[in-house]
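Dear colleague,

Please find the structure below. My notes on its helices and aromatic residues follow it.

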Amino acid sequence: MSVAELKERHMAAAETVNSLKERLKQRRLLLLDTDVAGYARSQGQTRVSFGPTDLVCCRTLQGHTGKVYSLDWTPERNRIVSASQDGRLIVWNALTSQKTHAIKLPCAWVMTCAFSPSGQSVACGGLDSMCSIFNLNSQTDKDGNLPVSRMLSGHKGYVSSCQYVPDEDTHLITASGDQTCVLWDITTGLRTSVFGGEFQSGHTADVLSVSINESNSRMFISGSCDSTVRLWDTRVASRAVRTFHGHEGDVNAVKFFPDGHRFGTGSDDGTCRLFDIRTGHQLQEYNQQHDDNEAPHVTSIAFSTSGRLLFAGYTNGDCYVWDTLLAEVVLDLGKLQNSHDSRISCLGLSADGSALCTGSWDSNLKIWAFGGHRRVN
Amino acid sequence: MSLEVAIVVEDAVEYSFAMEYHGPPITRELPRAVPINVDRIPVASVVSPLPFPDSLSLPVVQPISAADIIGKKLIKDLKLSSSSAELLTVSPTSVIAFESQNNEVSEGSYSKELGLGTETSVSPSSVINASVESETENRSSNDICALSGELSSDFECCNRDDVLSGVNERGYSSISHDEFVGGVGSSGVLESSDSFEKSMEFSGSLRKSRLSGAYKETLDFNESNRTDWESNESVLSVDYLSSRVSSRKFGDGNQDSGGGDVRRAPVVTFCDIESDDENVDDDYSRSEPEVVRMKKEPAAKVRKGACYRCLKGNRFTEKEVCMVCDAKYCNNCVLRAMGSMPEGRKCVTCIGYPISELKRASLGKCSRMLKRLLNDLEVKQIMKAEKFCEVNQLPPEYISVNGRPLYHDELVMLQSCSNPPKKLKPGNYWYDKVSGLWGKVGQKPLQIITPHLNVGGPVKANASNGNTQVYINGREITKVELRMLKLAGVQCAGNPHFWVNEDGSYQEEGQKNTKGFIWGKAGTKLLCAVLSLPVPSKSSDLCGEQISSSISRSMPDYLEQRVIQKLLLIGYSGSGTSTIFKQARILYKDIPFSEDEREHITLVIQSHVYNYIGILLEGRERFEEESLHELRQHQSCDGPDGDVDGNGEETPYSIGPRLKAFSDWLLKIMASGTLEAIFPAACREYAPLVEELCSSVAFKATYKRRHELESLPSISSYFLEQAVEILKPDYKPSDLDILYAEHVTSSNGLACVDFSFPEPVYDGDDSGDLHDSLLRYQLIRLQAKGFGENCKWLEMLEDVRVVIFCVSLSDYDQFALDGDGNRVNKMMLSKKFFENMVTHPTFDQMEFLLLLNKLDSFEEKIEQVPLTKCEWFDDFHPVISRNRSNSNNSNHPTLGQLGFHYVAVKFKRLFAALTGRKLYASAVKALDPTSVDTALKYAREVLSWDEERPNVSLSEYSIYSTEASSFSH
């Protein structure tokens with residue numbers, strides 16, 4: 001077969017794929033008779049209302065000297081780890097707002113960090129294409145720096161996101177700029193499985209975020225610059241279980257819904273979306289119309305424990321609280337007192353759901369929680 | 001007038017406090033305070049010119065509290081005001097009169113202002129409590145707002161003074177000096193106590209008559225204050241002997257006449273200095289932040305002893321103090337008020353402001369309360385932040401060396417030298433650059449520090465206030481030193497002038513021969529210890545190189561952040577960025593590669609060599625077949641006879657069966673792509689075989705024809721020549737091997753190396769070089785593979801100063817597959833990548849340096865392959881002189897040079913078209929260390945040009961230096 005002939009056939013195949021995709025899209029649209037908001041309204045749901053003290057900034061965690069890029073809460077205790085462009089990981093006590101560890105990283109360009117389920121160690125990754133694990137209990141060296149306890153190397157591009165497998169301190173999933181996700185065994189430091197990459201069902205651009213299903217830790221989703229989200233089963237590395245189309249820009253953030261059957265996404269197209277992993281359908285789009293044509297990108301999202309609220313951070317410093325049922329913005333943290341001065345780059349909800357932490361390019365983290373006095377009847 | 005009245009009343013209050021303090025405990029402590037005033041007071045007059053309209057609003061807050069008190073207590077006395085105003089003027093002057101005999105009349109008016117200033121600043125703490133309940137607050141505050149600029153400016157001064165403690169230059173040379181030393185001048189103390197008593201009497205009596213009302217009201221405070229104060233005193237006096245410190249301390253929450261008096265002195269001093277400087281603008285701008293800060297203090301209107309936040313508690317409850325504004329918080333509130341303490345114990349609102357100099361000694365010393373509230377880790381972090389964060393560092397202008405306040409880089413140099421002054425505090429120092437002797441002005445040497453540091457001015461003859469007429473390096477030495485010299489056997493008859501070097505060798509001025517070594521004898525060191533004179537420390541023997549490396553090690557974080565300059569090295573794959581990166585590590589690092597890295601690199605190199613051998617063997621098979629074919633053809637031509645020895649037919653490319661087996665095995669391994677997997681076992685096992693192979697005729701013959709093997713990289717010959725050595729199990733790669741090896745940089749993505757250019761050879765007093773050696777650079781290398789379509793993460797590199805873009809010159813006839821699978825000239829790919837980078841928003845306005853790499857192979861190649869092979873260069877028509885052989889000797893540039901200039905211009909035009917700016921370009925041979933060194937130094941030059949450009953003065957560093965220089969006028 002000559003090269004020209006091959007090319008021709010490739011072109012034809014690509015065309016077929018596109019037309020099939022288009023048909024699929026049409027078909028989906030046909031099937032979708034309503035969205036969440038429409039149904040909720042028809043059922044007479046009313047939007048969540050916020051009192052002035054229901055969500056206030058009650059702590060400001062100052063200490064970073066560069067943009068904060070990522071944060072993560074411990075599952076149990078009220079601790080937060082944050083990663084910043086000053087080349088440091090800081091572990092905070094959210095209650096006292098004090099630092100307990102400041103870890104100077106060998107590579108300052110860190111993009112993500114994660115707390116282990118036991119709270120004993122933290123992981124981080126960045127432009128050095130490594131995922132570094134620090135054991136918080138290990139002895140500091142003579143300069144007062146915490147030594148790296150494990151380097152997970154094998155990615156061929158930057159590590160954009162990492163998350164521990166729930167209840168397992170020894171397994172971790174990373175997303176990388178080399179278009180793959182990797183499940184690591186931390187004890188050996190080796191790759192257990194690689195998702196994507198040379199396989200056709202993998203992402204076709206940098207993977208930016210991962211989220212593991214809390215109720216079924218075998219399933220995880222990944223969001224990518226190819227504007228798709230893929231659902232993976234850790235036992236089947238060869239192909240994605242499902243691919244979710246819909247976004248028109250890079251998918252910057254993905255997060256499982258608390259029940260594990262749905263997930264939310266945030267994208268460069270300025271929208272957040274809710275997908276169902278069982279049907280593969282998009283359930284709802286959360287889009288705030290802006291006067292100017294440039295919609296701020298969504299940088300990070302988080303769900304409340306009940307799933308009724310969706311917190312979304314935007315590049316313009318806004319942080320909307322969406323009512324997931326009615327698709328309405330019920331609060332904008334960016335407009336409240338003591339809000340961040342710059343882009344919200346990351347946010348996360350504490351394990352008990354009582355507090356929200358936001359990290360920003362203004363180098364601060366803020367903790368938002370109920371700030372009033374409860375009336376005792 | 002009403003304002004003034006209020007203030008007057010305040011003054012009265014203070015004085016009444018003084019009366020209270022007549023009690024025994026006070027007298028002991030107070031005397032120290034007074035010395036401060038001695039000469040400085042006249043200067044106060046300068047203060048009056050200060051009033052700026054702008055300054056008005058800022059300082060007002062403090063007065064409010066004062067006014068409040070007044071308003072509350074003394075509203076009834078308002079009518080008194082006119083008369084009390086006179087009083088007011090009296091009291092400050094009286095103090096002055098006692099302390100300095102040459103008091104001028106004109107001061108009357110100024111001193112009045114001063115008085116105002118002091119009172120307002122002092123009063124808040126005590127006053128505020130009283131005012132808490134008062135409704136008159138607002139009213140009085142309004143009044144105060146109406147106050148003239150004078151008041152506010154005064155106000156600033158006093159505030160500043162609190163913070164500064166030992167300000168600068170002339171102003172404080174004599175006075176503050178004493179303060180810092182502790183109880184240095186005994187005579188001064190005596191005097192002061194006298195004057196203090198007098199002034200107290202004076203003011204006290206005056207006050208009493210008029211202000212009894214106010215006085216009574218304040219009584220209860222005083223009592224409580226006193227106890228507080230006493231306790232403070234006992235604690236504090238241990239730490240700092242200066243009176244000012246203690247006064248400042250009780251100024252927090254307690255007030256009394258002693259405090260008032262003591263405070264006034266510093267205020268005056270300060271104003272003095274400022275006025276002397278006649279640098280009003282600067283002064284104002286500098287004091288502004290402090291004013292803002294001080295404003296916060298009264299904002300929390302607090303009863304004495306109470307917590308500033310919850311307003312509960314009394315003086316007995318344990319509290320944490322803000323290092324900046326002195327606000328105190330109880331243990332319930334401290335975490336809320338101080339937040340996450342990114343700079344140590346400061347109120348949230350005080351973050352970013354310099355700490356009060358009086359509290360410097362307590363930096364990093366944790367209180368019991370915090371330890372109780374927080375766990376060890378947290379406390380450790382806070383204390384670390386407090387000690388090492390940048391704002392809490394000693395401000396350079398508070399340290400004056402040889403009569404000149406330091407600039408920032410001078411202080412850095414001083415602190416980071418191999419033998420820095422110990423426990424550097426604000427003050428006036430002299431420094432003998434030749435011998436490294438260091439001491440406080442007016443005193444004998446304290447220490448011998450690293451010599452030849454370019455800090456401060458030249459040492460003055462009277463620096464140590466000696467009167468012996470014997471000079472060392474132009475400084476008249478003290479009696480103690482002279483005694484030491486005599487005992488050390490130095491001839492001191494005839495008032496000689498000595499030159500003493502850092503090693504202790506001395507010679508008489510104007511003579512050449514060294515007369516001896518002062519510290520040469522063992523006894524001398526003992527003697528010095530007895531006389532508490534310094535001796536050179538051992539570390540001063542360190543040679544220059546070690547010193548420079550110690551600089552890099554001892555550099556604290558905050559300095560590192562400031563001085564590090566980031567250079568980003570990028571280029572299309574194969575452009576030689578990794579070689580330049582490795583070269584930089586070898587050039588500038590003591591240990592370019594760690595053991596682990598070397599081990600890894602060894603493996604990589606060995607597998608490469610196997611790979612090369614494999615390629616050669618593949619080639620060998622081909623050549624063998626070819627030559628066999630040829631042979632057969634030849635034989636068939638020759639006729640059937642030739643077939644006879646057909647079985648034994650030998651070509652130069654045939655190998656024995658054993659080697660053949662090895663060759664087949666290796667080729668199989670390579671084909672399956674698992675070459676890396678066989679290491680390191682293969683090395684041990686096959687080393688002898690490889691040796692045999694390499695010495696075989698067939699292999700050598702193939703090697704000769706290696707240029708015909710396209711897949712064999714040109715660099716392979718370097719390794720194949722020494723293949724036998726490399727494949728031995730105990731092979732250790734040399735730096736050169738590493739440099740030549742491909743794909744050895746372990747990191748896939750970004751790699752960085754910190755370095756500083758080695759210090760140039762010391763030649764005279766060239767200060768610029770010293771400064772340069774402090775600058776540190778970080779070379780960041782990124783692989784082109786990582787750059788996707790929209791690399792969002794490039795914004796992480798926005799703090800890079802220069803982008804060094806690397807292009808391989810010899811790429812012009814090479815082809816590679818681009819993303820769509822098309823065969824594209826590599827130079828065009830480089831160009832495309834260059835365009836992407838230059839137009840990336842992150843690199844907007846960034847300086848670009850183009851390095852045209854592989855000039856050596858380019859020069860060779862261009863003789864054979866025309867440059868026009870690349871479509872971008874199709875208009876390259878060099879004029880070449882006929883007699884090429886002479887071209888090197890004559891002025892005619894070689895074809896290679898012409899080609900390089902042509903390509904550089906092409907890129908420059910492209911850059912200018914894209915950005916409208918200038919592209920710096922340089923040729924480099926990455927394998928040649930000096931060439932890389934030159935290129936990186938060129939990058940440094942680009943940086944310094946960038947800094948010199950006026951519009952870049954916004955960068956942090958240059959702001960700092962301009963500020964410092966303007967201040968030092």
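Helix H19 (residues 408–416) of chain B is mostly covered, with seven of its nine residues buried. Here, buried means under 20% relative accessible area, exposed over 50% and partly exposed in between, with a 1.4 Å probe and protein chains only. The buried residues of H19(B) are His408(B), Glu410(B), Leu411(B), Val412(B), Met413(B), Leu414(B) and Ser416(B). Helices (H or I, at least four residues) and strands (E, at least two) are DSSP runs, numbered from the N terminus.

This is a predicted model, in which local features need pLDDT of at least 70 and side-chain atom pairs count only at pLDDT 80 or more, while totals for chains, interfaces and linings use all residues. Residues are numbered from 1 along each chain as its sequence is written, chains are lettered from A and ligands numbered from 1 in the order in which they are written, and side-chain values use heavy atoms, with hydrogens and water left out.

Also in chain B, helix H34 (residues 855–864) and helix H35 (residues 895–915) pack at an angle of about 110 degrees, with their axes 8 Å apart. The axes are lines fitted to C-alpha atoms, for helices over the stretch in contact, and angles run from 0 to 180 degrees between N-to-C directions. H34(B) and H35(B) are therefore roughly perpendicular to each other, a term for angles of 65 to 115 degrees. The contact (heavy atoms within 4.5 Å) involves residues of H34(B), including Phe858(B) and Ile862(B), and residues of H35(B), including Leu895(B) and Phe900(B).

Lys831(B) is found in helix H33 (residues 826–838) of chain B and, at 16% relative accessibility, counts as buried. The charged end of Lys831(B) sits over the ring of Trp872(B), 4.9 Å from its centre; this requires NZ of Lys or CZ of Arg within 6 Å of the ring centre and within 35 degrees of the ring normal. In chain A, Arg343(A) lies over the face of Trp361(A), at 4.0 Å from the ring centre.

The structure holds 37 aromatic pairs over all chains. Rings of Phe, Tyr and Trp (its six-membered ring) pair if their centres lie within 6.5 Å; planes under 30 degrees apart count as stacked, over 60 as edge-to-face and the rest as tilted. The rings of Phe220(A) and Trp232(A) have their centres 6.4 Å apart and their planes at 15 degrees, so the pair is stacked. Phe220(A) counts as buried at 0% relative accessibility, and Trp232(A) counts as buried at 0%.

Yours sincerely

Key
Parallel < 35°, antiparallel > 145°, perpendicular 65-115°, else oblique.
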